[in-house]
Amino acid sequence: MNAYLILVALLVLTYAGSALFRGRRIRGYGLPSGAEYLVLGIVVGPIGLAAVTRSTLGSFEPLSVTAISWLSLLAGANLGFSGDRSVAKRRTAGGIALGMLCLVGSGAAVFLAAPSLIGITGEERIYLALGVGCVCCETTRAAVRWVTERYGARGPLADLMHDMAEADDAVPFLGIAVLFAIGPRPEGAVIALPSWVGLIVTLALGGVLGATASALVDVEKRRTERWGILLGTALLNIGVAMRLGLSAPSSMFAMGIALNVFSRHGQQLRTMLATTERPITMPALVLAGANLDLSDGSSMWALVAIAVLARVLAKGLGGIAVGQMSPAGAKSSPLLGLGMLSSGSLTACVGLATALRFPGPVGRAVLGTSIASAILGEIIGPAMLRRELGFAGEIQDGASKTPVPESHVLAAASAVARRGRGGILAARARSRTNMPKGDLRTSDPRASDHRLSDPRTSDARASDPRRSDPRAGVDASDDGREGSST
Amino acid sequence: MSGAAPRKTLGARIVQAAALVIIFGILLLATHYAPESRSVVGTVAGLGFLLLAGTLMSELVETIGLPHLSGYLIAGLIAGPHILHLVDHQSVEQLSVVNTLALALIALAGGAELRIDQLRESAKALAWTMLLQCGLVLVTLFGVFMALSPYIPFTASLPITSVVGIALLWGVLGMTRSPSAVLGILSQLRPKGPVSEFTLAFVMASDIVVVVSLSLAMTFTRVLVDPTGSIQLSDFKELGHELLGSTALGSTLGLVLALYLRFVGKQLLVVFLLIGFGLTELLRYVHFDPLLSFMVAGFVVQNFSSQGEKLLHEIEQAGAVVFVVFFATAGAHLDLPLLYRLWPIALTLAGSRALATYVAGRVSASITGGGPMMRKWGWSGLVSQAGLTIGFSVVVARAFPEFGEGFRSLAIGVVALNEMFGPILFKFGLDRAGETGPKSEPTSTRTAPHPDPG
């Protein structure tokens, strides 16, 4: 298929994704972690209908890496935040520890099994173990949010799951930063950095450019110029990291963290960036699915199965530990960890980034594992999470499986407003008293009741009174401004 | 390029200058330690760098009164293959893909800026100016080119009939203006007044005249260069097909766009990308002129629906990023060694074109009763030349391989001068005409208030 046609198809897909999921009509539909787009990629890719050939996919490599890296920026910018609410440091540490446990567990299993199953030894064995570990450690926040919103769950366990799912995003990016730094020089690269230098440069590059972008954003009030700054810095970061043979996603993750740390407008930046998540995730997932390569045969799939099983075990153990150590998890069953099996776009993107960087059995195995994990997690994770939330008494009796109706959303917004958190009543009160907007808006981060938001976009949006005010057009995405600026 | 910015403090300027130094430093280090890279990698870094450096440089040159556009060009020029070599030739070529999108947006915006009532009001003035500008520039450049031909490397050994044909082509090339530069300046300064309004209408309308003139000139030149050749009616048939087809398709696109804006109105960036990349390819495939089609589409949306303002606003939002890369890439494209080699000839040709433009502007303003500011500065926006001119020179180079390459190189040299100084002159003219600054009221969309939540 012509590259232009593919580009147009991806754009159409982006359009569909943005149009469907930014609005309020399809809230709660679709699969929790977006695995359907992975499957779509597999179907149209070389192992499916072969509508896209491997050589054409190769020409899309920079596009893929850019999309993956941009999603990494989003993950970095959101680290330590659940929507606009800060995540407690203890929970961040817990999420990272759980992620590390899964990385080590899955990686160790693959490290032990690889020589006998696919004959990979030496340094490649280390790359494989680390790569597989990186795609086995994450729990997608989209799926956790999807379950809690779909079933109206609310309570300490739901919050804990959210927070841990947010926090463990750091692990795969640090992992691939190490993997890319210790890996062989990429094709065409002319510089060989020692591993530790490579790792430091990866993170420092992101840090410096993130700090630079923060400073520039802070002195720039115009939204369009802010987009220019973010886009320019991000692309420069990606390009330089790739040029040096380093992990562009990891560097972008560091840049996201730096944006958060250094900018006085961190919340605004996160809200801006969140509008790009879904439009970029969908094409990235399709590309990840299309890149799947089954040419290594059944022994490779046995290895993938071992990795996935090890992940299930590690998550299970982690869940038991969380249940024991956190008061929020006290009412959960020992199978709590299985509720955290969902892995989605980040895992698939890390898998794709590794596959592009390590073309060969290592990359194919890592991408295969990421896709298998995502599909298995899609089947088990949401159901188990719902079960655990039910045990904890955080799902109301008779909670509907259907999307939250618009009237409920508005009612909830009114309730929020009554509590002085913005929304319809706040808007009316403002109009009566001529009070400026900020005076009625609360600084309480919980004001962004995440049940009001699209599960796959920033729940910060829910705190915006315009979005719950029917007179304001219900959804600010209608004005198309944020999306079009991206 | 997204409109008038609030005045920045000294601290903000220092931050911007420091950021510019940092990003130059990072890319310098990267290119020093990894001088060769896969082209796609260089392209990604180049794109980011030009976008960021262009934005920052435009802010910094603003402090010395230069237009943003000059900042983009300077950033590209410094980073380009001829000075610091931070963005190599291959990357610059690959980044030219952005031009497709930028030109589509420019044509859409250009068409949407034309309003029937304004065109009716200024029809007489437009017609006179068109006649004088095109006529005088054509005649002057024809004469100057003929006079310089013994000194121009690629014409020195050609027979006189061929030189006449080439001079005719050069004259037509001189008639081209730069819609992108005009829109870029207007978008930044948001002026209000006769000079800015007339310049925009003229530049957009002149595109059609130039397309027709170039086709005619190429037909005549073919006969002059090749004595065995003849003028065939089929040449005009093709031209008619292109013009009518482009107009018809543009009208349809305009109606569809208007309906989309009216009933959906969301995700316009993606729609622009689809138009810029997908539809442009399709139009080229069927041998229609994308620029004309998009211009007609914008015109239809503005004049036959109520969605014109919305379209312009969205183009401005989307174009803010695209135009930075477009002009920065143009800066990187400037061939300095070539300009150095040809500078006396290029300077003479550019100077004589500017002089002819000035004289034609004064005369036409006197004939049509334009105000004193029109007489003084009405010509200032017509000096810029950019991508469109180079695009036409490429068409000529393809059609006449015997002298095409030399012709194209000389065109690039002259465009380099007009591209650098034209926008500065236009900004100067608008400033002097009193159409910029706090007193000027915003008009249309180049003027729509910006959502600046920050």
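Student: At roughly what angle do the axes of helix H5 and helix H9 of chain B cross?
Tutor: Keep in mind that this is a predicted model. Helix H5 of chain B covers residues 97–113 and helix H9 of chain B covers residues 179–189. Their axes come within 10 Å, and the crossing angle is roughly 70°.

Student: How are H5(B) and H9(B) oriented to each other, and what is the hand of the crossing?
Tutor: Angles of 65 to 115 degrees count as roughly perpendicular, and the axes of these two helices cross at roughly 70°. H5(B) and H9(B) are therefore roughly perpendicular to each other. As for the hand, the crossing in which H5(B) passes H9(B) is left-handed.

Student: Which residues of H9(B) does H5(B) meet, and how many residues of the contact are nonpolar?
Tutor: From H5(B), the residues B:Ile106, B:Ala109 and B:Gly110 take part, and they meet B:Pro179, B:Ser180 and B:Leu183 in H9(B). Of the residues in this contact, no charged ones are found and two are polar, while the number of nonpolar ones is four.

Student: Is H9(B) largely enclosed by the rest of the structure or exposed, and how many of its residues are buried?
Tutor: A residue is buried if 20 or more other C-beta atoms lie within 10 Å of its own. The buried residues of H9(B) include B:Ala181, B:Val182, B:Gly184 and B:Gln188. H9(B) is largely enclosed by the rest of the structure, because the buried residues number eleven of the eleven.

Student: Which helices are included in what covers the buried residues of H9(B)?
Tutor: H5 of chain B, whose contact with H9(B) involves B:Ile106 among others, is one of the helices that cover the buried residues of H9(B). The cover also includes, from chain B, helix H3 (68–79), helix H10 (194–225), helix H14 (308–333), helix H17 (387–399) and helix H18 (404–432).

Student: What is the radius of gyration of chain B?
Tutor: Chain B has 18 helices and zero strands, and 56% of its 454 residues count as buried. The globule rule gives 22 Å for 454 residues, and the chain comes close to this, so chain B is as compact as a globular protein of that length, with a radius of gyration of 22 Å.

Student: Turning to chain A, how are H4(A) and H16(A) oriented to each other?
Tutor: Helix H4 (residues 61–78) and helix H16 (residues 345–357) of chain A pack with their axes 10 Å apart, at an angle of about 140°. The contact includes A:Ile68 and A:Leu71 from H4(A), and A:Cys349 and A:Leu352 from H16(A). The residues of this contact divide into nine nonpolar, two polar and one charged. Given their angle, H4(A) and H16(A) are therefore oblique.

Technical notes. Residues are numbered from 1 along each chain as its sequence is written. Chains are lettered from A and ligands numbered from 1 in the order in which they are written. This is a predicted model: local features need pLDDT of at least 70, side-chain atom pairs count only at pLDDT 80 or more; totals for chains, interfaces and linings use all residues. Axes are lines fitted to C-alpha atoms, for helices over the stretch in contact, and angles run from 0 to 180 degrees between N-to-C directions. Helices (H or I, at least four residues) and strands (E, at least two) are DSSP runs, numbered from the N terminus. Angles under 35 degrees count as roughly parallel, over 145 as roughly antiparallel, 65 to 115 as roughly perpendicular and the rest as oblique. A crossing is left-handed if the near helix is turned anticlockwise from the far one by less than a right angle, and right-handed if clockwise. Two residues are in contact if their C-beta atoms, placed from the backbone, lie within 7 Å. Ala, Val, Leu, Ile, Met, Phe, Trp, Tyr, Cys and Pro count as nonpolar, Asp, Glu, Lys and Arg as charged, and the others, Gly among them, as polar. The radius of gyration is taken over C-alpha atoms; the globule rule is 2.2 Å times the number of residues to the power 0.38. A residue is buried if 20 or more other C-beta atoms lie within 10 Å of its own, exposed if 12 or fewer, and partly exposed in between; C-beta atoms are placed from the backbone.
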